[in-house]
Amino acid sequence: MPMLRFLYRKMWNTRWLTFSTLLGLVLAVSFTTSIPMYADGALKRVVAKSLLQQEGGMPPGSLLIRYQATGSEKPDMDSFKEVDRYIEQEIPKQIGFPYQTYSVSLSLRSAQITPEDPSKVDASRRRQMSVMTMGDFAGHAEMTGGKLFSDRPANGVIEAVVLEESLYRYDFRIGDVFLYPVYGGNGIPPLKIKIVGTYKPKQDDDPYWYQGLESLVGSFVVSDKVFKEHLLQQLKVPLNLANWYYAFDLREIQTSQLSPLSKTLERLDIVLYQKLKDTKVDISFLPMLSEFKKQSMQMQTLLFTLAAPMIAMVFYYIAMNSRQSLERQRTDIAVLRSRGASNRQIVWIYLLEGLILGSIALVSGPFIGWFMAKSIGSASGFLTFVDRKSIPVGVSSDALLYGAAAVMIALAASVIPAVVFARDSIVNFKQLMARSDRKPVWQRWFFDIVLLGLSGYGWYLFNERQFISQQTGLTTDQLQVQPLLFFVPALSIFAMGLFFLRVFPWLLKLCNWLGRSFLPVPIYLTLTQLSRSAKAYYPLMLLLILTLGLGVYNSSAARTIDLNSTERTLYQYGTDVIIRVAWEGFSDALPQDRGNGSGGGSGSGGQNGGQPGQGNQGQGNPGQGGPGTGGDPGGGEQYRPIRYEEPPFEIFRKLEGVEHAARVLQTKGNVVISGRSTGQGILMGIDNVDFAEVAWFRDDLFPAHPNVYLNLLGAYEQAVIISKKYADKYQLKEGDLLTITVGQEPVEFVIVGILPYWPSLYPDQTPFFIANLDYIYDQAPIIPYDVWLKMKEGAKVTPIVNELMANKMQIVSVKDVRNELITQKKHPARGGVFGILSLGFLVSVMISLIGYVLYWFFNLSSRVVQFGVLRAMGLSRKQLTGMLLLEQAFTAGLSIALGIGIGKLTSYLFLPFLQTAENIKTQVPPFRIVFEAKDTYQLYAVVCFMMVTGAVLLFLHIRRLRVHQAVKLGEER
Amino acid sequence: MIHCEGLVKIFKSDNIEVVALQGLNISVQKGEMMAIIGNSGSGKSTLLNILGGLDRPSAGQVRVGEWDLLKITDEQLVEYKRKTVGFIWQNNARNLLPYLTALENVEMPMMLSGLYDRAYAKQLLEWVGLKERMNNRLQQLSGGEQQRVAIAIALANRPSLLLADEPTGSVDTQTSDMIMDIFRRLNQELGVTIVIVTHDLSLAGKVDRVVAIRDGLTSTEFIKRNPNLVLAGGEHRTGSSIQEGHEEYVVVDRAGRLQIPKTFLDALRIGDRASMEFDGEKIMIKAPKSLEGN
């Protein structure tokens with residue numbers, strides 16, 4: 001108890017210190033918890049998506065348990081009751097999720113029924129019916145005729161209802177009585193079943209009707225009570241089939257629940273079989289769970305690898321902070337020790353303090369973490385957060401576990417040094433102080449060199465593409481991020497930072513040596529101070545270098561990923577919106593080909609499926625990469641020219657929100673050079689002026705401005721631009737002639753330009769030929785073209801579609817690149833990557849700022865005596881301030897410059913590896929590394945803010961310094 | 001109370017080895033108030049640190065009360081520090097926790113040993129004359145006041161031995177006198193054994209016995225003369241206060257060795273050997289006789 005009191009006094013009287021430690025802890029906890037939280041939220045989103053996708057079939061949380069009697073076997077009624085009870089009561093508890101539907105259906109074997117009174121009902125019809133009951137039938141079905149069955153048989157007649165459909169199919173009428181022969185029930189007389197009504201589902205999409213109505217057509221539905229008590233118990237009719245169906249609502253599922261849930265499900269089969277033979281789980285959501293599990297694991301790994309350097313930095317900050325504060329309290333510890341505090345007491349004091357702060361952090365951290373996870377979820381790019389429907393984020397036990405781990409590590413970081421310090425009494429401590437000029441451990445053991453070597457090796461492996469086999473598995477989306485590509489650079493930034501710190505004192509010594517004769521005293525003093533106690537500045541400098549280096553690298557990485565995937569998509573589409581309308585086509589020969597012509601192009605990415613005569617072109621268009629290929633049933637069968645009618649094009653130009661429109665024809669053609677066929681190529685016919693307005697060009701892809709080439713097209717009617725690969729292969733030059741067969745018509749072209757890339761075309765797969773559309777139409781039959789639209793900023797596609805419809809144009813396909821980009825940006829993994837990177841950067845900047853200020857605070861406090869002496873020696877306050885500012889410039893300024901430099905260097909070294917082996921082929925246009933000026937400015941702004949804040953705080957602190965006090969208390973207080 | 005024999009302390013650092021105490025002998029009686037003087041580097045602070053349980057001796061015998069400080073375990077050392085010894089440094093940074101008030105500082109050792117007694121803490125502060133400033137932060141106290149707080153802290157656990165390392169080193173004469181008065185009062189009223197380390201001879205003059213340490217060994221002892229028996233003559237030098245009221249003795253250790261002051265040696269140009277004569281009454285040490293005429 002007195003200890004607590006002492007601790008309270010200590011904490012309260014050093015509240016600033018305590019507060020900063022707490023802040024660090026809270027940050028660490030919130031950052032570490034935010035990642036599992038986000039992963040969890042993202043999982044939920046994935047779950048929600050899967051839920052939507054499976055809308056057609058059974059609900060995703062379906063669990064169907066089935067008992068099917070084999071042969072003429074009769075289930076033991078007691079076991080049956082037990083299994084029924086088990087399924088109804090135990091399973092929901094075990095699964096632990098709410099369920100939307102629980103439905104039991106029991107049925108007898110279906111049998112040939114005969115009317116009781118053949119005179120009334122046509123007995124010659126085959127009627128195969130079964131008798132069944134469904135739990136809570138009345139709650140889900142609506143009577144459409146007659147009445148509901150009664151709960152007890154009247155005079156041995158069992159009342160039943162049937163689907164409306166059955167009436168027509170089996171020629172039933174309400175009131176009819178049928179005889180149902182009991183199969184395998186030796187000696188049981190046929191059951192008399194009277195149809196008393198018809199029903200239909202109250203709601204068609206109710207999962208209660210999971211079996212589908214078709215299977216219910218052939219069933220008499222009777223009362224549950226009648227079925228169980230009368231049929232099963234009294235008459236001992238053998239049960240044939242029992243289905244128990246649950247539709248669980250899995251939307252609230254959490255990552256941590258996946259494993260136990262799968263185990264429960266796996267165990268279920270065994271338990272059920274033990275209770276009643278031939279009972280088994282028919283449909284379960286186990287595969288879905290494992291899919292979720294896989295995805296969430298991948299996500300978590302990805303995010304954690306990305307966050308690892310940042311988390312490490314948070315811990316580094318905590319360790320640095322607590323170490324500094326401990327250093328400061330070392331004298332106090334020594335005083336306590338010499339006043340009779342036992343080792344245990346001191347450790348206990350610090351442990352208790354850590355525990356108190358840790359638990360505060362653990363309570364408040366997750367809230368901030370929650371907020372952080374929300375922001376991760378709303379990230380659309382590096383340091384850009386959009387306000388969109390954010391992902392559901394919840395606190396899970398996993399997240400708390402991670403938070404607790406963070407606290408534990410932080411505790412260890414502060415308590416272990418305390419244990420070491422606690423060994424020293426004041427006397428040992430002073431003795432140690434006298435020998436503090438030892439180099440830090442990492443310098444003595446050359447850790448920096450080792451780390452440099454290690455990251456060099458990492459670079460080598462990347463270069464050799466060794467790491468590529470370890471895919472993240474996120475192949476389905478557009479984004480492939482190698483977690484290691486963020487880890488190894490972080491390592492190398494760290495290593496380079498350390499290496500620089502090794503050089504730093506030499507640099508200072510050099511400066512000192514060079515300037516010793518002419519430098520004014522304050523500068524000389526600064527340099528001496530710095531070079532003598534360089535070790536003391538290492539933590540701060542390292543923190544700054546790491547923060548900025550990682551910041552630069554991450555921002556550039558995020559930008560690069562973002563830009564390249566955007567450009568890839570833009571290139572793939574070529575323009576904002578591509579619309580294909582159905583063309584009226586008339587075949588000369590057979591009328592049945594008409595439909596082929598008008599509808600054949602559906603889904604093909606610019607390839608005209610209906611265009612006949614090009615051999616097997618209907619097999620698809622491998623060069624497009626677009627969704628789907630034109631499955632043309634008629635293609636390749638026989639040649640029949642179809643004459644198309646071009647729909648009015650002017651409409652497109654005047655559509656709402658359209659800036660420009662262009663006609664773009666894409667078709668395959670056989671290319672012939674000097675009488676020799678060279679295989680197929682894609683011929684694109686364009687109107688050069690229109691095309692220049694609508695197409696997306698990346699300028700650096702072309703030797704000259706793209707418009708130069710388009711002008712060339714305009715200069716000659718038969719001009720063609722060909723792909724560079726193709727030109728190289730056949731040694732073609734500008735001015736050469738070539739012939740392309742379009743629609744069975746050879747068309748002659750003159751090469752005017754050779755280009756490596758062209759929007760929407762992939763020369764690595766098929767060579768491309770760009771020619772004038774009008775010329776092609778002159779020479780060859782008209783083939784449908786696509787309309788490329790350049791949209792105004794933010795213009796929507798829907799009004800266009802509506803307008804076209806109003807103009808009686810049938811739209812075959814509309815592709816909007818902006819939609820695609822938005823979809824990409826919304827992908828949880830991608831958002832997560834950007835979110836983590838941005839958030840990590842913000843956190844690290846925050847940490848740097850706090851670390852910076854605290855560091856100087858401690859540093860100044862510990863040098864009060866020195867300042868007192870300097871002031872006493874006649875240094876003016878101005879000179880003192882100048883000296884400190886110079887010191888800052890030398891340490892912080894240098895580290896900032898270095899951090900940015902190292903970050904850029906690392907980006908240039910490692911970012912090219914972002915294109916993995918797999919997507920290097922589809923990576924057209926080629927990869928490029930970008931540094932957005934905006935990001936750099938943001939970085940600078942943050943850094944400036946940091947420096948200014950730091951300097952102001954320092955200045956205030958210097959003003960407040962009571963030098964005489966320090967001199968009075970003596971020593972380094 | 002204190003009994004040291006052949007006490008050796010060796011400091012080792014990376015490449016140097018310093019023998020701070022080279023077999024020192026000293027005894028202090030219970031209830032005595034004595035001072036240890038010596039030049040800096042003579043080992044007096046080392047001795048005090050060992051006595052205070054802050055440093056461990058390398059060899060020899062040290063007994064303080066019931067404790068053998070050479071063989072003491074860490075747990076016992078804690079116990080020793082809590083119950084037996086109180087320590088005052090010249091430097092207040094070592095005495096006090098700057099962020100606590102005077103009273104809280106005095107209560108701190110009590111809290112550590114679990115014998116929390118606020119009334120006694122207040123009483124202690126009253127004793128050292130800081131009743132009015134009890135709840136002031138240390139920064140608001142003057143150097144002398146801080147030093148007095150340090151005394152109160154040292155007494156917080158009612159120790160039987162009080163060690164003070166240059167307790168008046170950084171205060172003016174008036175405060176110094178006040179502090180010495182407090183010590184004397186404590187010595188007389190509570191019966192606390194007090195050992196003061198100082199290089200201030202005037203301060204040393206105010207205690208009953210002064211032991212001088214030179215090069216890690218006790219060399220000279222000054223014992224206060226009975227003020228009633230003032231002996232004329234027998235004084236070697238005048239001007240230094242200690243010689244005025246004290247008689248100076250040379251310490252002879254168990255093996256019969258004694259230290260000759262360096263000034264004597266220099267005056268006679270005695271190098272590594274000397275001649276010694278005994279005439280039945282006196283022992284005379286002379287410069288070595290020259291042999292073979294050189």
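In chain A of this predicted model, 83% of the contacts between residues at least 6 apart in sequence join residues at least 24 apart. The corresponding share in chain B, for contacts with a separation of 6 or more, is 66%. Chain A comprises 973 residues, of which 43% count as buried, and its secondary structure consists of 30 helices and 25 strands. Chain B comprises 294 residues, 40% of them buried, with 10 helices and 13 strands.

The model scores ipTM 0.78 and pTM 0.66. For chain B the mean pLDDT is 81, and 91% of the residues reach 70 or more. The pLDDT falls below 50 over residues 228–240 of chain B, a stretch with 4 contacts in the model beyond near neighbours in sequence.

The interface between the chains involves 28 residues of chain B in contact with 28 residues of chain A. On the chain B side, two or more residues are contributed by each of helix H2 (74–83), helix H3 (92–95) and helix H4 (102–113). H4(B) provides the largest share, 6 residues. By residue class, the chain B side divides into 13 nonpolar, 9 polar and 6 charged residues.

H4(B) is largely enclosed by the rest of the structure, because 12 of its 12 residues are buried.

Leaving aside residues up to four places away in sequence, Val106(B) touches Ala121(B), Leu124(B), Leu125(B), Val149(B), Ala152(B), Ile153(B) and Ala156(B). In soluble globular proteins, nonpolar side chains tend to be buried together.

In chain A, helix H3 (residues 77–95) has 19 residues and reaches 26 Å from its first C-alpha to its last, close to the 27 Å expected at 1.5 Å a residue. Ile87(A) belongs to the buried residues of the helix, the others being Phe80(A), Val83(A), Asp84(A), Ile91(A) and Ile95(A). An α-helix has 3.6 residues a turn, so residues three or four places apart point the same way. The buried residues of H3(A) pack against strand S1 (62–68), strand S11 (241–248), helix H8 (258–275) and strand S12 (279–283) of chain A.

Asp171(A) has a phi of about 60° and is placed in the loop between helix H5 (164–170) and strand S8 (177–180) of chain A. With 13 other C-beta atoms within 10 Å, Asp171(A) is partly exposed. In chain B, phi of Arg269(B) is near 55°. Arg269(B) is found in the loop between helix H10 (262–268) and strand S12 (275–278), and is exposed, with 8 other C-beta atoms within 10 Å.

A further loop residue of chain B, Arg225(B), lies between strand S10 (217–224) and helix H9 (241–245). Arg225(B) counts as partly exposed, having 13 C-beta neighbours inside 10 Å. Its contacts, not counting residues up to four places away in sequence, are Gly245(B), His246(B) and Glu247(B). Arg225(B) and Glu247(B) are 22 residues apart in sequence, while their C-alpha atoms are 6.2 Å apart in space.

Definitions and conventions:
Residues are numbered from 1 along each chain as its sequence is written. Chains are lettered from A and ligands numbered from 1 in the order in which they are written. This is a predicted model: local features need pLDDT of at least 70, side-chain atom pairs count only at pLDDT 80 or more; totals for chains, interfaces and linings use all residues. Helices (H or I, at least four residues) and strands (E, at least two) are DSSP runs, numbered from the N terminus. A residue is buried if 20 or more other C-beta atoms lie within 10 Å of its own, exposed if 12 or fewer, and partly exposed in between; C-beta atoms are placed from the backbone. Two residues are in contact if their C-beta atoms, placed from the backbone, lie within 7 Å. Ala, Val, Leu, Ile, Met, Phe, Trp, Tyr, Cys and Pro count as nonpolar, Asp, Glu, Lys and Arg as charged, and the others, Gly among them, as polar. pLDDT is the predictor's confidence in each residue, from 0 to 100. The expected span of a helix is 1.5 Å times one less than its number of residues.
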